[in-house]
Amino acid sequence: EHPAAKMIAEIAKTQEREVGDVTTTVAMLAGKFLENAEKLLDKKIHPTVIIKGYKLASDQAKKILLEISFPVDNKHVLKQIAMTAMTGKGAEGNREHLADLIVTAIEQIGTGKIVDLNDIKIIKDKGDSIENSDLVHGIVLDKEVANDSMPLKVDNASILLVDFALELKSPETETRISVSTPEQLQQFIASEEQILREMTQKIILSGAKVIFCQKGIDDVAQYYFAKAGIMAFRRVAKSDIEKLARATSSKIVSSIHEINSADLGFASVVEQVKKGEDTMTYVRGCKNPRSVTLILRGSTDHVLDEIERAVKDGMGDVSAAIRDGRVVSGGGAVEMELARRLRAFSKTLGGREQLAVEEFAGAMESIPEALAENAGLDPITIMAELKQRHESGNARDGLNLFSNRIEDCLAAGIVEPLRVKLLAVSSASEVATMILRIDDVL
């Protein structure tokens, strides 16, 4: 309900949409910036001065972040990024396996620095353990064949994708047909069957062994397909048809007259698998799929939801790192270094803005402090040691929550994409300054 809270919720959503992670950090920073601004307001410092100081600090922080970032040079670093993103989200026990799947999936669908995460389909399969989660180089659909007499497995499948109904078209307006003799009625019924036979014959002659249709398939057409040993699926979602096109390199055909063998895609296996009550169809072994499926397995719905959240965060971070090609050390190291350098920067300023920059730096320290608290460590001792190490020039030292020790986070493989930190700092400071501009909330 509260307007200021709505703004903070909005930046968390933006962060989720842009990079898919660090939503907690951005909300925490915004809160801390406001909390620290309140101290300055109590000292009778005008909000405009604080806003000016925060703007200077935010710009300086972005420069510092660029200076202390490192290039991403191999797949191993991407895997570390995915593992860092999944820490603290219920997927820790299997983070290595899941990170491998994430990086392999992104490398498969990405072209250069462009990664569209919509090309990774996530399917949750309840009833198995997390370590059995799997990556399919193709698409998995929760569909079954249109007719029971069709084959349930096709090897070396040539695949046809159609987005029109394999049925007879009904007139769009109300139409009546007057029949005066039994022969005419017979002729009318026979002509319907003839049209369907011609339609299916055209598809059979194209060489297609598997058909995915976005709309319906007539019962007569199903019969002809089953007789020809063709697997056919009806009412497949438009998004799945598009993913199938990218995975199997086939073209989506919109007219029966346009079907030819050049439009067909390929998969080494198309197979319907029944597991308990559920039926899944696997389209596997595509030559160079631009769309893949991640099958996440877990014992309960809650576990699966948590694993999915962790995997999506990992995917967002890895794609952000690929896009920018730069990373920073995690574990609160980057925030401690920002705080130290911003304090040094504040001393170069003359006016009251200096105080605002100092408070901005103080807000940065809330992140490693929260990390220490969440790990059950003493935040005061940890913060004192971190400050001392950063003053001594160990800019990459942060908190390793697996060993509960302060160490070089880059060497320990705790890394985060630069983009995530840049966005968190700029979003949080923008919201804080926007709220500071408001004189009163009624």
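1. Helix H1 has a buried side made up of Ala4, Ile8, Ile11, Ala12 and Gln15. Buried here is under 20% relative accessible area, exposed is over 50%, and partly exposed lies in between (1.4 Å probe, protein chains only). Seen down the axis of H1, these buried residues fall within an arc of 100°, so they line one face of the helix; the arc is that of the directions from the helix axis to the C-beta atoms. An α-helix has 3.6 residues a turn, so residues three or four places apart point the same way. On the face turned away from the buried side, H1 carries the exposed residues Lys6, Lys13 and Arg17.

2. Please keep in mind that this is a predicted model, in which local features need pLDDT of at least 70, side-chain atom pairs count only at pLDDT 80 or more, and totals for chains, interfaces and linings use all residues. Residues are numbered from 1 along each chain as its sequence is written, and side-chain values use heavy atoms, with hydrogens and water left out.

3. What do the buried residues of H1 pack against? Their partners are helix H2 (23-42) and helix H14 (418-436). Helices (H or I, at least four residues) and strands (E, at least two) are DSSP runs, numbered from the N terminus.

4. The largest nonpolar core has 44 residues, and Phe33, Ile50, Tyr54, Leu342, Phe360 and Met364 have the most contacts inside it. Such a core is a set of buried Ala, Val, Leu, Ile, Met, Phe, Trp, Tyr and Cys residues joined through side-chain atoms within 4.5 Å. Among the elements giving it two or more residues are H1, H2 and helix H10 (333-346), while H14 gives the most, with nine residues. Apart from this core lies another, of 42 residues, including Leu141 and Val210.

5. Ser206 is in the loop between helix H6 (182-205) and strand E6 (210-213). Is Ser206 buried or exposed? Ser206 counts as buried because its relative accessibility is 11%. Its side chain reaches the backbone nitrogen of Ala208 at 3.5 Å. Ser206 also touches Ile259, Ser261 and Leu264, not counting residues up to four places away in sequence; contact means heavy atoms within 4.5 Å.

6. On cysteines, the disulfide count comes to zero, where a disulfide is a pair of cysteine sulfur atoms within 2.5 Å. For Cys286, the nearest cysteine sulfur, that of Cys213, is 19 Å away. Cys286 is buried at 7% relative accessible area, and Cys409 counts as buried at 0%.

Note on methods. Polar contact = N/O pair within 3.5 Å; in protein donor to acceptor, adjacent residues only side chain to side chain.
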